[in-house]
2 protein chains.
Amino acid sequence: MSQTTNHCYRLRHRPAGTVADDDLEFLQEPIPNIGPGQALIRTLWLSVDPANRIWMSEVHYNMPPVPIGGIMRGFGIGQVVESLRDDMKAGDLVSGITGWADYAVADATNLVPFSVLPSPLPTSPTLLLGPLGRTGVTAYLGVQDIGRPQPGETMVVSAAAGAVGSVAGQIGKARGARVVGTAGSREKCRHVVEALGFDACVNYRDTDWREQLDAATPDGIDVDFENVGGQILDHVVTRLNVGARIALCGLISEYNSYGSSAGQQARVSVDHILMSRALLRSFLVLDHTDRFPEAIAYLAGLVDEGKLRYDETVVEGLENARSALNQMFEGVNTGKLLIKVAEPL
Amino acid sequence: MSQTTNHCYRLRHRPAGTVADDDLEFLQEPIPNIGPGQALIRTLWLSVDPANRIWMSEVHYNMPPVPIGGIMRGFGIGQVVESLRDDMKAGDLVSGITGWADYAVADATNLVPFSVLPSPLPTSPTLLLGPLGRTGVTAYLGVQDIGRPQPGETMVVSAAAGAVGSVAGQIGKARGARVVGTAGSREKCRHVVEALGFDACVNYRDTDWREQLDAATPDGIDVDFENVGGQILDHVVTRLNVGARIALCGLISEYNSYGSSAGQQARVSVDHILMSRALLRSFLVLDHTDRFPEAIAYLAGLVDEGKLRYDETVVEGLENARSALNQMFEGVNTGKLLIKVAEPL
């Protein structure tokens with residue numbers, strides 16, 4: 001083994017706001033020993049997602065909160081170092097909840113079972129954490145099942161430069177909709193329009209962003225792919241057309257308040273939903289694992305046709321994961337935020 | 001003709017809060033003259049609905065606001081007095097937007113065309129304004145298309161003693177759900193349980209109504225048929241099970257604020273909708289006129305089987321319509337609120 005120490009993060013306190021150093025402690029521990037039915041996984045890549053922050057809070061979303069003292073939860077791609085399982089052998093690449101640690105144990109207790117990736121890999125492994133993995137499937141389900149934008153309709157995507165939003169908007173374009181993004185800087189907005197092909201993108205840090213969004217959606221809004229919540233969603237619902245659909249994917253503007261006295265205060269005007277006979281539907285990709293093959297085939301097709309551009313922001317080193325998560329809430333990343341933990345053997 | 005004067009209400013100001021006497025003026029005018037393609041309708045019954053209050057505001061819901069100076073809009077049942085139309089003859093009973101007036105003109109300009117009722121009528125004419133009309137179909141669409149309660153699931157219905165809520169809850173019972181109502185008095189709650197067959201009903205004027213609602217929904221809430229909004233909806237969303245459905249039918253707690261500075265402020269926690277992967281969907285019966293035959297056949301079947309009990313609160317005299325509408329917002333009526341305007345000839 002190339003190292004004898006298992007760097008890892010353990011949750012010490014549920015954060016109030018931004019994750020502080022003593023909320024999530026970075027430690028060196030012994031590498032776990034494995035027994036029958038277990039395999040030792042070395043983490044190669046970690047996916048940094050808004051859900052990481054939810055799991056630190058007391059909110060039970062898709063999974064129970066990370067217990068105090070527990071290893072920080074996170075999805076990743078790893079490599080089997082040693083295996084006492086029949087279905088895994090040393091060298092295999094696997095995906096699953098590696099956690100924020102150099103090493104993980106794959107066994108029957110994992111909340112989501114590890115799965116062995118095909119060999120040779122058909123694509124870059126990081127794509128499997130991005131557009132051809134849970135991230136892409138999330139966008140697919142929200143657009144295809146809930147938003148269903150039709151040619152000529154107007155679709156708004158918040159966090160348009162983010163991992164899910166960038167894919168969602170491009171699916172909307174492939175379906176023939178007019179797609180308008182919101183993002184947090186002029187550079188991101190330019191990228192969303194020029195590289196990702198959205199029709200327009202509004203920088204929500206501009207003081208006149210509401211007027212800009214109105215101007216970019218002259219025929220109202222038929223579909224909202226919502227990743228942010230807060231003031232952006234507040235304004236979007238005032239422009240909903242009759243029969244509009246809101247795919248409620250996330251509320252990243254809110255998660256940092258979980259654990260503070262202001263927690264879970266995100267609210268939306270229900271009058272406007274009533275008046276527009278709109279649909280608001282939340283969904284979670286992990287509820288729909290049966291749809292992954294269909295979704296990934298569709299997404300891979302878009303990639304092949306050159307209709308799905310994807311970006312990655314890669315942070316080197318597990319020791320930078322905590323600050324990377326905090327920076328995601330500041331909007332630092334474009335596209336998928338990844339931690340590169342180690343090279344494969 | 002039995003009278004020569006047309007009593008009617010005209011909208012003078014958009015109300016701020018409760019409808020004042022000088023917002024909606026009660027007048028005596030000449031009976032309209034009709035020309036080719038028109039029929040003169042005498043109003044027999046008026047349906048009093050929360051939508052009446054919305055139409056007085058500047059909010060464009062299902063129809064444009066009543067113009068200032070215009071006759072107050074309202075659905076009703078009338079009788080043809082005189083006809084220059086091929087499809088109507090004197091004596092026919094018709095349903096449509098009679099307006100809040102003794103007489104209306106049925107012609108091509110009506111926002112909703114008048115329709116001639118079958119003769120002889122298969123049922124009491126007021127049922128056609130209640131469970132076998134728009135009111136019942138509203139309940140049907142919200143339960144069958146959106147709520148879809150399954151046997152053993154828990155369904156909550158706000159304004160359970162009201163015209164739509166009472167029907168919605170009974171459809172829920174017919175589908176095998178546990179059905180819990182909320183209503184505004186002890187007497188109404190007793191009626192909802194004993195006469196309408198709900199499993200429980202909570203009086204939202206009790207100080208401990210939240211605890212009562214929690215106790216009545218020990219397994220959480222799978223379906224909410226929402227007529228009220230405000231604090232009731234706020235609390236309901238905290239108890240949603242994963243995959244819950246909210247049929248957003250109305251927000252009667254809010255309409256009286258339309259036109260005031262607090263107008264259209266109803267908000268709901270979107271965090272709770274996100275976390276429960278819930279669906280919130282608004283709908284409007286007038287968007288689904290193609291579904292009326294199916295819905296009314298189902299509802300008539302429930303009536304025949306003794307599974308659909310319906311109540312009417314009848315107010316005599318057009319001159320009492322304005323106060324009746326205000327009283328509906330105080331929760332005075334049980335079941336459908338009707339104004340009896342005149343006897344048929």
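Predicted model: local features only at pLDDT ≥ 70, side-chain atom pairs only at ≥ 80, totals over all residues.
Local features need pLDDT of at least 70, side-chain atom pairs count only at pLDDT 80 or more, and totals for chains, interfaces and linings use all residues. Residues are numbered from 1 along each chain as its sequence is written, chains are lettered from A and ligands numbered from 1 in the order in which they are written, and side-chain values use heavy atoms, with hydrogens and water left out.

Start with the helices of chain B. Two packed helices are described by the angle between their axes and the distance between the axes. For helix α2 (residues 134–147) and helix α9 (residues 292–304) of chain B, the angle is about 95 degrees and the axes are 9 Å apart. Axes here are lines fitted to C-alpha atoms over the stretch in contact, and angles run from 0 to 180 degrees between N-to-C directions. That makes α2(B) and α9(B) roughly perpendicular, a label for angles of 65 to 115 degrees.

Which residues of α2(B) and α9(B) meet? From α2(B) come R134(B), G136(B), V137(B), Y140(B) and Q144(B), while α9(B) brings F292(B), E294(B), A295(B), I296(B), Y298(B) and L299(B); contact means heavy atoms within 4.5 Å. Sorted by type, the residues of this contact are seven nonpolar, two polar and two charged.

Now for the salt bridges (a side-chain nitrogen of Lys or Arg within 4 Å of a carboxyl oxygen of Asp or Glu). The whole structure has 34 of them over all chains. In one, R245(A) pairs with E153(A), and the closest N and O atoms sit 2.6 Å apart. R245(A) belongs to strand β12 of chain A and E153(A) to the loop between α2 and β8, so this pair links distant parts of the chain, 92 residues apart. Both partners are buried, that is, under 20% relative accessible area, where exposed means over 50% and partly exposed in between (1.4 Å probe, protein chains only).

Another salt bridge joins D214(A) and R239(A), at 3.5 Å from N to O. D214(A) is in helix α5 and R239(A) in the loop between α6 and β12 of chain A, so the bridge ties together parts 25 residues apart in sequence. D214(A) is partly exposed, at 26% relative accessibility.

R277(A) is buried at 11%, whereas D287(B) is partly exposed at 37%. Finally, D49(A), R134(A) and K336(A) are linked in a network of salt bridges.

Conventions:
Helix = DSSP H or I, 4+ residues; strand = E, 2+ residues; numbered from the N terminus. Parallel < 35°, antiparallel > 145°, perpendicular 65-115°, else oblique. Nonpolar A, V, L, I, M, F, W, Y, C, P; charged D, E, K, R; others polar.
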